[in-house]
Amino acid sequence: MTRPGRTAATKQKLFDAALRLVGERGAASVTVDEIAAEAGVAKGTVYYNFASKDALVDALLRHGVDLLAARLKVAEEEDDTASAMASLVDGMLGFFAEYPAFGQLLVSELWRTPGQWHGTLSLLRDDIVSIVRGQMQRLADTGRLPEGVQVGTASAALFGTLLVIALDWQVFQPERSLADVRESVLSLVRGLRPS
């Protein structure tokens, strides 16, 4: 008989260990032995919870995107479009501040052509961009997107901008505060209003 709480805790340890290692060296160069050692578990524990390293990385990507999506969906609860956009920016920047290695993994695997997890990442990217699209559509519906800017393009652009800004902040400007980075992004977004 399995213990769901124990299994979930073990999977989280494996996710955390894999994320640390993958963030440092990339998914391709990390072994199951290294993940097990980092997590403080036997190699068999990795295979008990995941069929392979690839399955672990796939599950890690899905887990991370689920956490990010939950933070971004908070914006849907805002009545005001400006507050919703601020909530979206806060959710994404806060997530990548808390999980910088996940941002590194996401960027490295998104741009690998075609990467091992390309299919999974395409679906996951679409999940996140659809949440951003909902907020961009609200801006468009209130006349707050410049004429000719398509909602889909603006959604992908904001997602990409936030991802790159979060990584740039973590790697090259760690002395900046979250509030400072947030305000810079929101100033950029506010600057997109039609003239």
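**A close look around Asn-49**

Reply: Once its neighbours within four places in sequence are set aside, Asn-49 is in contact with Thr-7, Thr-10, Lys-11 and Leu-14, where contact means heavy atoms within 4.5 Å. The model is a predicted one, in which local features need pLDDT of at least 70 and side-chain atom pairs count only at pLDDT 80 or more, whereas totals for chains, interfaces and linings use all residues. Residues are numbered from 1 along each chain as its sequence is written, and side-chain values use heavy atoms, with hydrogens and water left out.

Asn-49 belongs to helix H3, which covers residues 43-49; helices (H or I, at least four residues) and strands (E, at least two) are DSSP runs numbered from the N terminus. Asn-49 counts as buried because its relative accessibility is 12%, buried meaning under 20% relative accessible area, exposed over 50% and partly exposed in between, with a 1.4 Å probe and protein chains only. A polar atom of the Asn-49 side chain lies 2.8 Å from the backbone oxygen of Thr-45.

UniProt, in an unreviewed entry, lists residues 31-50 as "DNA-binding region"; such positions are given in the numbering used here, the feature names are shortened, and the annotations may be inferred rather than shown by experiment. The span 31-50 is 75% helix and 0% strand, and its end C-alpha atoms lie 14 Å apart.

Ile-35 lies in helix H2, residues 32-39, and is counted as buried because its relative accessibility is 1%. Between Ile-35 and Val-46 there are 8.0 Å in space, C-alpha to C-alpha, for a separation of 11 residues in sequence. Beyond four places in sequence, Ile-35 is in contact with Leu-14, Ala-17, Ala-18, Leu-21, Val-30, Lys-53 and Leu-56.

A search of the whole structure finds 2 cavities of 30 Å³ or more, a cavity being a set of points, on a 1 Å grid over the protein atoms alone, where a 1.4 Å probe fits but cannot get out, with lining residues having an atom within 4 Å of a point. The volume of the largest cavity is about 70 Å³, a volume being the space filled by probe spheres set on grid points that are joined across faces, edges and corners. Its lining includes Gln-12, Phe-15, Asp-16 and Leu-19, along with His-63 and Tyr-99. Helix H1 (4-25) and helix H4 (53-73) are the elements that give two or more residues to this lining.

The second largest cavity has a volume of about 40 Å³, and H7 gives the most to its lining, with 4 residues. Helix H7 (residues 118-141) also holds Gln-135, which counts as buried because its relative accessibility is 4%.

For the chain as a whole, the secondary structure comes to 9 helices and 0 strands. Buried residues make up 41% of its 195 residues, and the C-alpha trace spans about 60 × 35 × 30 Å along its principal axes.

Note on methods
A polar contact is a pair of N or O atoms within 3.5 Å; within protein, one must be able to donate a hydrogen and the other to accept it, and residues adjacent in sequence count only if both atoms are side-chain atoms. On a 1 Å grid over the protein atoms alone, a cavity is a set of points where a 1.4 Å probe fits but cannot get out, and a pocket is an open set with protein on both sides within 12 Å along at least five of seven lines; lining residues have an atom within 4 Å of a point.
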